[in-house]
Amino acid sequence: MPPQLHAAVVVTAALVLLAVASVDGARQQGDTVEVGELVLVRLNVTGSGGVVAGFMMCDAKACSKVELWSIETSKARAIRYKAFVDCNSDGWGGTEALSNAKNSTRQFPASTLLLVTRASDQLLTVKLLHDRTGMSATNVALSKTMNRLYIKDHWSETFSPANMTLEFLPSAEHHECANGGVAAAGASGSCECAHGFDGPSCETACGPNRYGPGCSSKCSGHGRGCRGVQFKDVQQPDTKICGAGLHGLLCDQVCGPGLYGPGCTLSCGQCDPDRTQCDPYTGQCPAGCRPGYHGPSCQRALTHLTVGPDITNVTDTSISGTFAPSTDNVKGSGVVSYYDVQYREADGAGLRAGNWVSGAVVGRLPSNWSGSPKLHDFVVRGLRPGAEHEVRVVLLDNALRGYEAVPRVRVSTTGARLISDIIVYDVTARAANISWFNPAGVAVLVQYECVKLLACSDDCSQASGMFIIDELENRTSASVEGLLPGATYRVLVSHKNAAREQAECATFTTPFTVPDAVPEAVVEGDEVADKSGAGVGVAAGPGVVSVSNVSATIRWRMPESCVDLNGIVSGTWWQLFFRAAVCPQGCSPVEHSSSGLTTSMELELESLQPSTAYELRLWLYNTEGYNRERYLRVGFTTARNAPAA
């Protein structure tokens, strides 16, 4: 058996500091805010008149700030944000980066919570909260050295008779605890977890017979687990409750469908396909989460928009609009990389008349979309004239799944057309079916065009085509094959002799599939390095950087064209084989740790056998897995052991 393989500066005196309420152990003005840290502030305003509060992050040279305006003097207070960058060291001046006038009608309670978060070393987020509910939010850009937080009232000396004080609070007061946990008293940012759960946010499930810190304690040493045992109820500390997954007078009954956790008091999350089928002890979903949800127990909604798109133009067959995702209009958590503009028809009474049509307009979000809001334009084409439609924008993760319970807008088209009702259905990674309405029965020209690839910016126009259906056939449907996976297509259907602009249009997106592309071996300019130290020869092909008697280093790169990636590549799957005289039939896998997934483009293989022929196979790996039939083959032979001295 072979051996195992191991693959500012403090702001000057010109800064007017506010009276800070005493909180033992709390943060003070000028304390640093590290990346990922939360700062919770209670802002209190008394008296009449407006207040302008400045939230500033400073270094030795300047400050970046957000202004929080209470502008109404005779009515209920309201809120408005302005963001500035490159301010003077006292927080004044600078360049206005954002003026959020839309928030000017929001209620500004006399006692308000503000959550200041250093999302990265160059981005500060300020959220306005009331009763722990988010009311508004804005961002301000920082330099990497700005890490000290100051808050002051700009108008306190001259313009405003109102008085403002602030209080830094423990961030635990805003900490979210999962699976029935509660914020731990007096411990900033920590949770007291319910029985059977652990971790900073109580998202680690211990299973049927464990509990406590690190899930290190056992209820029993036999199959009864925690049956018959009661524990402290963290929700009601003076009472007892059965262990996770159990209920009943004797705590010996397992939770019924849809329930889990201590005393079966928690409801299952968004399990796929049946939300009642979660593990009674852990709450985890055996088949994963429904689209749009994530987390161990599928309780978290994926990042999604809270405001519908703005409609800018309507024709008889199209709807144009815009949307701009930012921290002001999103909720949820998790990484989203794409957006999908979807539509459906509704009848005159506003009832749903059809399913949502997805893939009409799919685009990629910039990586910094939350810190640098950008206006996205879209046009949905191929709609029925004179019909009422609903339009929504769904944000998608890397697997093209999104949270769909988002706001939508309603708009009606007008007009008439000879060819209509274009429907694209049964879309696969490489084919789609198309149908249309052609009451005149004339010859029809069908064109399909690849608009863009979702995984990269390479040109895909070669995967386009057209065909004609003449009057004698009088067909109103067709199949299109040879499409590219993970691509947005436009299909145009028109009378045979009509101009292109008269064609009726529909758009669809093919799903991802496993890659057809393979990695490319790196060809070194010099001979392969012999690291055996014995001066003995080695045999190696392209992609091999160095070989010794017990190790080898392999290097590869991504293919120049991304057309055949068929999705977002997340790494390379590798497997090592012993190579016989004939391969692949003569190859047998190396035992032990002979395969794995790597995100690097270089692999160091160790604990090899001397004088042995190996073959390393490399597969590109995307969100759908890897293609067993498409791989790079790299062969090499290790050096023999050096002769004994």
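Two strands pair if DSSP finds at least two bridges between them. I kept that in mind while looking through this predicted model.

**Entry 1: a sheet**

I began with strand β39, residues 487-495. Strand β39 pairs with β40 in the antiparallel sense, over six bridges. I then picked leucine 492 and looked for its bridge partner in β40. That partner is cysteine 505.

Four strands form an open sheet, in the order β37-β36-β39-β40. The pairing is antiparallel. Which strands are at the edges? They are β37 (465-469) and β40 (504-509), and each pairs on one side only. I also looked up the angle between neighbouring strands of this sheet: they are turned by 20 degrees against each other on average, direction ignored.

**Entry 2: a cis peptide bond**

I moved to aspartate 272 and proline 273. The peptide bond from aspartate 272 to proline 273 is cis, with omega near 5 degrees. Proline 273 lies in the loop between β22 (266-267) and β23 (293-294).

**Entry 3: positive phi values**

I looked up leucine 400. Its phi is positive, about 60 degrees, although leucine 400 is not a glycine. I found leucine 400 in the loop between β32 (388-396) and β33 (408-412). Is leucine 400 buried or partly exposed? Leucine 400 has a relative accessible area of 24%, so it is partly exposed. Buried would mean under 20%.

Then I turned to serine 611. Phi of serine 611 is near 50 degrees, a positive value in a residue other than glycine. Serine 611 sits in the loop between β49 (602-605) and β50 (613-622). Its relative accessibility is 49%, so serine 611 counts as partly exposed. Exposed would mean over 50%.

Terms used
Residues are numbered from 1 along each chain as its sequence is written. This is a predicted model: local features need pLDDT of at least 70, side-chain atom pairs count only at pLDDT 80 or more; totals for chains, interfaces and linings use all residues. Side-chain values use heavy atoms; hydrogens and water are left out. Helices (H or I, at least four residues) and strands (E, at least two) are DSSP runs, numbered from the N terminus. Axes are lines fitted to C-alpha atoms, for helices over the stretch in contact, and angles run from 0 to 180 degrees between N-to-C directions. Buried means under 20% relative accessible area, exposed over 50%, partly exposed in between (1.4 Å probe, protein chains only).
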